[in-house]
Amino acid sequence: MPNEFNQQIIEEFRANGGRVGGWFEGARLLLLTTTGVRSGVAHTTPLGHLSDGGDRILVIASAGGAPRDPQWLRNLVADPLVTVEDGTSTYRARAQVLTGAERDAVFDLAVRADPGWADYQVRSGRVLPVVALVPLPGPPTPTAAHRCPPGTSGGPGGAVQPGAGSAV
């Protein structure tokens with residue numbers, strides 16, 4: 001079970017198609033669900049993210065500048081098959097912890113976009129891991145916030161289809 005702060009963000013994210021207010025208003029967030037390394041239970045965590053310009057989504061295991069890696073990182077190292085919610089759809093992905101020059105280049109890109117990442121790394125006293133989330137083949141599942149009621153425009157299950165006359 002996420003802590004109360006994260007649970008509120010998760011609920012707001014899901015209720016509002018990926019948008020939240022407060023501290024994270026306007027931030028690029030996703031929900032990452034991993035399988036607990038000891039419990040085998042699904043754990044969902046809201047995370048900031050950035051794109052690498054390709055298919056991958058990148059997340060940084062900053063833990064807010066804490067000296068230890070976050071539990072979600074330990075979970076995905078043990079089981080790299082994860083679920084990603086981006087506000088409009090949910091999909092399975094394979095997580096890959098980046099290393100060496102690739103990790104450094106991606107982290108530099110993140111710092112250029114938001115210098116706070118560098119502050120977190122200094123505060124943590126560790127090199128912050130960078131994780132690439134690579135979508136698995138297959139179509140994503142539209143989230144409930146992006147489904148049409150039965151009998152309205154949309155595809156199977158009421159999912160909004162591009163060009164179907166419904167705003168996404």
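Okay, hi everyone. Before anything else, keep in mind that this is a predicted model. The protein has 168 residues, and 38% of them count as buried. In secondary structure, we've got four helices and eight strands. If you walk along the sequence, the order goes α-β-β-β-β-α-β-β-α-α-β-β.

A couple of overall numbers. The accessible surface is about 9400 Å², and carbon and sulfur atoms make up 56% of that. Then contacts: take the ones with a separation of 6 or more, and 56% of those are between residues 24 or more positions apart.

Now let's zoom in on strand β4, residues 57-60. Which of its residues are buried on each side? On one side, I57 and V59 are buried, and on the other, L58 and I60 are buried too. So both faces of β4 are covered.

Who are β4's neighbours? One is strand β3, residues 50-51, which pairs with β4 in the antiparallel sense over two bridges. Across that pairing, S51 stands opposite I57. The two strands make a hairpin with five residues between them, and in the turn G53 has a positive phi of about 90°.

Strand β7, residues 130-135, is another neighbour. How many bridges join β7 to β4? Four, and these two strands also run antiparallel. Look at I57 again: in β7, its bridge partner is L133.

Okay, over to helix α3, residues 100-113.

Which residues of α3 are buried? They're R103, V106, F107 and A110. These four cover an arc of only 100° around the axis, so they lie on the same side of α3. On the other side, A101 and R112 are exposed.

And what covers those buried residues? The list includes β3, β4, β7 and helix α4, residues 116-124. So that brings us back to the strands we started with: β3, β4 and β7 are among the elements covering the buried residues of α3.

That's my bit, thanks!

Technical notes. Residues numbered from 1 in each chain as written. Predicted model: local features only at pLDDT ≥ 70, side-chain atom pairs only at ≥ 80, totals over all residues. Heavy atoms only, no water. Buried < 20%, exposed > 50% of the residue type's maximum accessible area, 1.4 Å probe, protein only. Pairing = 2+ DSSP bridges. Contact = heavy atoms within 4.5 Å. Areas by Shrake-Rupley, 256 points an atom, 1.4 Å probe, with all protein chains shown as cover. Arc of directions from axis to C-beta.
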